[in-house]
Amino acid sequence: MTSVEAQRVIAVVDDSIKRLELVSLLPYIIENLKRFSVILGSDLVQVLEEHDRVQSSYQKAVSKFLLEQRRSQSASPTTSNVSSRRSSDVSQVLENEDGILREAIALQESRASSAISKRNDIIRRLKNDIYNVEKHAEEHSRRIITEAAKQDASEMKNSDSKKSKLQQETIELKKKLEGDTLTHRESELALEKA
């Protein structure tokens, strides 16, 4: 497996872990929805509230059904037929409600998943933008450092060249000065003798 493939696998595993953590936090988030409303945004808060409402309706319906079944089992044999008819009617109503509630829950979960997916896409795009900016900044810094080093080297070379020329001129001027001094001394001696 190449390092690119390994990075992709790690990214998928990290994403799955994050999603699993998010799903495991849903009950806590729903209990503290007001606290997280600013972070989640109004769309996601509405979806979570609807999900909570549908889930509690479902649980109430199931509880009613179970209570009705217990009552029908403990009823006398004469009322048993009426109770069993009621129980089957209630059972059918509950099955219908159950189907409706499951569809509503699936819809809400789909909406929540869609909202989370959109936010993940936004986060992914922002991370990519940050990466591109950092990469561009690195390249720009590298270019500036390279150009500065080239300019420094060029200035150093020019400086060495100027220094060499000035040393050469200094040597030539010293020789000329020595020559002029010697000529002047000879002229002075000649004038003194004359």
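**Group meeting talk: pockets, salt bridges and a surface patch**

Let me begin with Phe65, which sits in helix α3. Helices here are DSSP runs of H or I with at least four residues, strands are E runs of at least two, and both are numbered from the N terminus. Is Phe65 buried or exposed? Phe65 counts as buried, because its relative accessibility is 18%; the cut-offs are under 20% for buried, over 50% for exposed, and partly exposed in between, with a 1.4 Å probe and protein chains only. Val93 is 28 residues away from Phe65 along the chain, and their C-alpha atoms are separated by 9.5 Å.

Now a word on the ground rules. This is a predicted model, in which local features need pLDDT of at least 70 and side-chain atom pairs count only at pLDDT 80 or more, while totals for chains, interfaces and linings use all residues. Residues are numbered from 1 along each chain as its sequence is written, and side-chain values use heavy atoms, with hydrogens and water left out.

Let's turn to the pockets. Rolling a probe the size of a water molecule over the atoms shows where empty space is left. Here that is done on a 1 Å grid over the protein atoms alone: a cavity is a set of points where a 1.4 Å probe fits but cannot get out, whereas a pocket is an open set with protein on both sides within 12 Å along at least five of seven lines. Lining residues have an atom within 4 Å of a point. For volumes, grid points are joined across faces, edges and corners, and the volume is the space filled by probe spheres set on the points.

How much space lies in the largest pocket? The answer is about 750 Å³. Its lining has 24 residues, and those nearest the centre are Asp15, Lys18, Ile116, Asn120 and Ile123. Helix α1 gives the most, with 12 residues. By class, the lining of the largest pocket has 14 nonpolar, two polar and eight charged residues. For the classes, Ala, Val, Leu, Ile, Met, Phe, Trp, Tyr, Cys and Pro are nonpolar, Asp, Glu, Lys and Arg are charged, and the others, Gly among them, are polar.

The second largest pocket holds about 240 Å³ of space. Among its lining residues are Arg19, Leu22, Val47, His51, Glu109 and Ile116. At least two lining residues come from each of α1, α3 and α4, and α4 gives the most, with five. Seven residues of this lining are nonpolar, three are polar and two are charged.

Next, salt bridges. The rule asks for a side-chain nitrogen of Lys or Arg within 4 Å of a carboxyl oxygen of Asp or Glu. How many salt bridges does that rule give? The count comes to three.

In helix α3, Arg53 and Glu50 are three residues apart, about one turn of the helix, and their side chains meet in a salt bridge at 2.4 Å, N to O. Arg53 is partly exposed, with a relative accessible area of 47%, and Glu50 is also partly exposed, at 25%.

The other two are in α4. Arg124 and Asp121 have their closest N and O atoms 2.7 Å apart in a salt bridge. These two are separated by about one helical turn because they are three residues apart in helix α4. Both ends are partly exposed: Arg124 at 46% and Asp121 at 31%. Then Glu138 forms a salt bridge with Arg142, with 3.5 Å between the closest N and O atoms. Glu138 and Arg142 are four residues apart in α4, about one turn of the helix. Arg142 counts as partly exposed, since its relative accessible area is 49%.

Which residues make a nonpolar surface patch of about 230 Å²? They are Val9, Val13 and Ile17. Patch members need over 30% relative accessible area and no salt bridge; like charges are joined within 9 Å, and nonpolar side chains (Val, Leu, Ile, Met, Phe, Trp, Tyr) within 5 Å. Areas come from the Shrake-Rupley method with a 1.4 Å probe, and for residues only the protein chains shown count as cover. Val9 lies in helix α1 and is partly exposed, with a relative accessible area of 43%.

Last, Ile145, which has its place in helix α4. Ile145 counts as exposed because its relative accessibility is 59%. Glu186 is 41 residues from Ile145 in sequence and 60 Å away in space, C-alpha to C-alpha. Thanks, everyone!
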